[in-house]
Each structure stands twice: as C-alpha cells, then as structure tokens.
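I opened this one up to see how it is put together. These are my notes, in the order I looked things up.

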Amino acid sequence: MLFIITLAKVTEEKNYGLGLVPQVDGKFVFLYTRPYYDHDTVFKMTTLTFSNDPNKAVGAVLRKATKEALKRNVEFDAIITGPSQYDYAIKFKSSN
C-alpha cells in the first residue's frame, strides 16, 4: 500500500519548466544536455579527456573552443560538451 501512495505522489510532482544553463565567460555551457532552441554547429572538436571535475573540463573545452574560433575567425554562443567523441561550438539561430 505504501508503494502505491509513494508512486502517486511522485507522478503528481511534474515540472514542465526548462532548465537553466550557466554562462562561463559569456558563453552558454551545455554539459550533458542539448539546447532547446534552434542552432547551427559552427565547428566540432575532438573531446578532451573528460575530467571528473566539471569546472576543469568546462574550462578546458572553452579555452579550446575560443582558440579554434579565433583561428577560424568565427563566433559561437555556446558549447555542448559531455563524455562523447566530440564537443560542439554552436550559434543560436535568430528568432526574427
């Protein structure tokens, strides 16, 4: 009986809001997630060794993306990173 009551309580607590994504040095960081809004991939990079410390991992990926963007003379709004083969620098599409 306790299981049924607990299950009912869990299913009642639904949150349909979107999660907040942090900005680091003016760039959005999607760690283990993907953006909701339409975007274009500016470039992809081979993933660095993923650190157990998310702050170090994000810092390293941002430095690498910034260096690559300067080399290619392009701009990006955010990075998508996680334990996959590639990290992505993206630019959000205009809502106009």
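I started at Arg72, which is partly exposed, with a relative accessible area of 43%. My cut-offs here: buried is under 20% relative accessible area, exposed is over 50%, and partly exposed is in between (1.4 Å probe, protein chains only).

Before going on, I noted what I am working with. This is a predicted model, so I took local features only at pLDDT of at least 70 and side-chain atom pairs only at pLDDT 80 or more, while totals for chains, interfaces and linings use all residues. Residues are numbered from 1 along each chain as its sequence is written, and side-chain values use heavy atoms, with hydrogens and water left out.

**Arg72 and its partner**

I looked up what the Arg72 side chain meets, and found a salt bridge with Glu68 (2.6 Å, N to O). For a salt bridge I need a side-chain nitrogen of Lys or Arg within 4 Å of a carboxyl oxygen of Asp or Glu. Glu68 and Arg72 are four residues apart in helix 2, so about one helical turn separates them. Is Glu68 buried or exposed? I put Glu68 down as buried, because its relative accessibility is 19%.

**Glu75 and Lys91**

Next I checked a second pair, Glu75 and Lys91, whose side chains form a salt bridge at 3.8 Å, N to O. Glu75 sits in the loop between helix 2 and strand 4 and Lys91 in strand 5, so this pair ties together parts 16 residues apart in sequence. I have Glu75 as exposed at 60% relative accessible area, and Lys91 as partly exposed at 31%. I also noted a network: salt bridges that share partners join Glu68, Lys71 and Arg72.

**Lys93 and Asp40**

How many salt bridges does a search of the whole structure find? I got five. One more that I wrote down is Lys93 with Asp40 (3.7 Å, N to O). This pair links distant parts of the chain, with Lys93 in the segment after strand 5 and Asp40 in strand 3, 53 residues apart. Lys93 counts as partly exposed at 45% relative accessibility, and Asp40 is partly exposed too, at 42%.

**Overall layout**

I then stepped back to the whole protein, which has two helices and five strands. I use DSSP runs for these: helices are H or I with at least four residues, strands are E with at least two, and both are numbered from the N terminus. Along the sequence I read the pattern α-β-β-β-α-β-β. Of the 96 residues, 24% count as buried. I put the accessible surface at about 7500 Å², with 55% of that belonging to carbon and sulfur atoms; these areas come from the Shrake-Rupley method with a 1.4 Å probe. Among contacts with a separation of 6 or more, 64% come from residues 24 or more positions apart. By contact I mean heavy atoms within 4.5 Å.

**Helix 2**

I checked the length of helix 2 (residues 54-72). At 1.5 Å a residue, its 19 residues should span 27 Å, and its end C-alpha atoms are 27 Å apart, which agrees. The expected span is 1.5 Å times one less than the number of residues.

Which residues of helix 2 are buried? My list reads Ala57, Val58, Gly59, Val61, Leu62, Ala65, Glu68 and Ala69. These pack against strand 1 (23-24), strand 2 (27-31), strand 3 (39-46), strand 4 (78-81) and strand 5 (86-92).

**Positive phi**

I found that Asn73, which follows helix 2, has a positive phi near 60 degrees, although Asn73 is not a glycine. Asn73 is in the loop between helix 2 and strand 4 and counts as exposed at 70% relative accessibility.

Tyr32 is another non-glycine with a positive phi, about 65 degrees. I placed Tyr32 in the loop between strand 2 and strand 3, and at 54% relative accessibility Tyr32 counts as exposed.

**Thr81**

Last, I looked at Thr81 in strand 4, which is buried at 5% relative accessibility. What does the side chain of Thr81 make a polar contact with? I found the side chain of Asp87, at 2.8 Å. A polar contact here is a pair of N or O atoms within 3.5 Å; within protein, one must be able to donate a hydrogen and the other to accept it, and residues adjacent in sequence count only if both atoms are side-chain atoms.
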